[in-house]
Amino acid sequence: MPHAEQPSLVVHWSRAEGARDGTPLLVALHGRGADERSLSGIAPYLPGDITIAFVRAPLAEGGGYAWFANRGIGRPVTESLADSSGRLFAWLDTVAARHSSVALLGFSGGMAMAGALLLTRPERFASAVLLSGTLPWDAGLPTEPGRLAGVRVLWGRDPADTVIPADLLTRTGQWLREKSGAELSERTYPALGHAIGAEELDDIRGFLTEAGG
């Protein structure tokens with residue numbers, strides 16, 4: 001698979017440069033301490049007509065990379081999160097026009113990053129896959145009722161996953177279900193742990209197929 005660098009970001013692509021035009025784009029955001037290749041193994045399990053951009057987070061951490069500095073697990077530092085959001089939107093401005101739609105997929109810390117993008121500019125995204133994490137609370141982002149109206153959202157997790165603090169998961173669930181306005185599909189996977197599993201990948205594939213990317 002090709003490996004290329006965009007402004008301020010390193011991106012691992014599922015398709016060659018000449019085969020991306022007109023395809024739906026899925027922007028995949030890895031978890032804390034991982035890198036742009038850590039999620040690349042999911043590509044064969046997702047719809048074959050999409051282009052996936054596996055993006056490397058900008059902050060070096062733990063032998064890998066992170067999207068933002070933390071005040072605690074799942075609690076982004078506002079300025080750090082805003083900086084990464086700006087980098088990602090600037091990169092998207094260089095690639096989005098080539099694609100028929102743009103969707104997000106975020107795992108763990110990548111879910112918080114995807115949530116920041118979604119809350120900041122919901123009109124830019126057709127759908128979002130949010131996995132094993134929390135939305136970025138108390139980071140200065142708009143969360144008024146109906147903020148995600150018209151956006152299809154898949155939220156998947158293991159209810160027994162203890163990596164993300166329980167209060168953040170509760171707050172995320174309540175807002176997504178009751179206030180976001182999103183077209184929400186919620187899935188739970190007992191015994192999955194803090195990971196992405198085969199059953200979940202099947203659900204993600206179906207979700208993205210129905211959402212048109």
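Predicted model: local features only at pLDDT ≥ 70, side-chain atom pairs only at ≥ 80, totals over all residues.
The expected span of a helix is 1.5 Å times one less than its number of residues.

Entry 1, helix α1. I looked up residues 78-95, the 18 residues of helix α1. At 1.5 Å a residue they should span 26 Å, and I found the end C-alpha atoms 26 Å apart, which agrees. I then listed the buried residues of α1: S80, L81, S84, S85, L88, F89, W91, L92 and V95. Seen down the axis of α1, the buried residues fall within an arc of 165°, so I put them down as lining one face of the helix. On the other side of α1, I found E79 and D93 exposed.

I noted a volume of about 150 Å³ for the largest pocket. Its lining consists of R32, F68, N70, I73, G74, S108, G109, A112, T134, V163 and I164. Sorted by class, I have five nonpolar, five polar and one charged residues in that lining.

S108, one of the residues lining the largest pocket, has a positive phi near 55° and is not a glycine. I located S108 in the loop between β7 (102-107) and α2 (109-120). Buried means under 20% relative accessible area, so S108 counts as buried at 13%.

A191 is also not a glycine, and I found its phi positive at about 75°. I placed A191 in the loop between β10 (183-188) and α4 (198-211). With a relative accessible area of 79%, A191 is exposed.

Key:
Residues numbered from 1 in each chain as written. Heavy atoms only, no water. Helix = DSSP H or I, 4+ residues; strand = E, 2+ residues; numbered from the N terminus. Buried < 20%, exposed > 50% of the residue type's maximum accessible area, 1.4 Å probe, protein only. Arc of directions from axis to C-beta. 1 Å grid on protein atoms, 1.4 Å probe; cavity = no way out; pocket = protein on both sides within 12 Å on 5 of 7 lines; lining within 4 Å. Points joined across faces, edges and corners; volume = space filled by probe spheres on them. Nonpolar A, V, L, I, M, F, W, Y, C, P; charged D, E, K, R; others polar.
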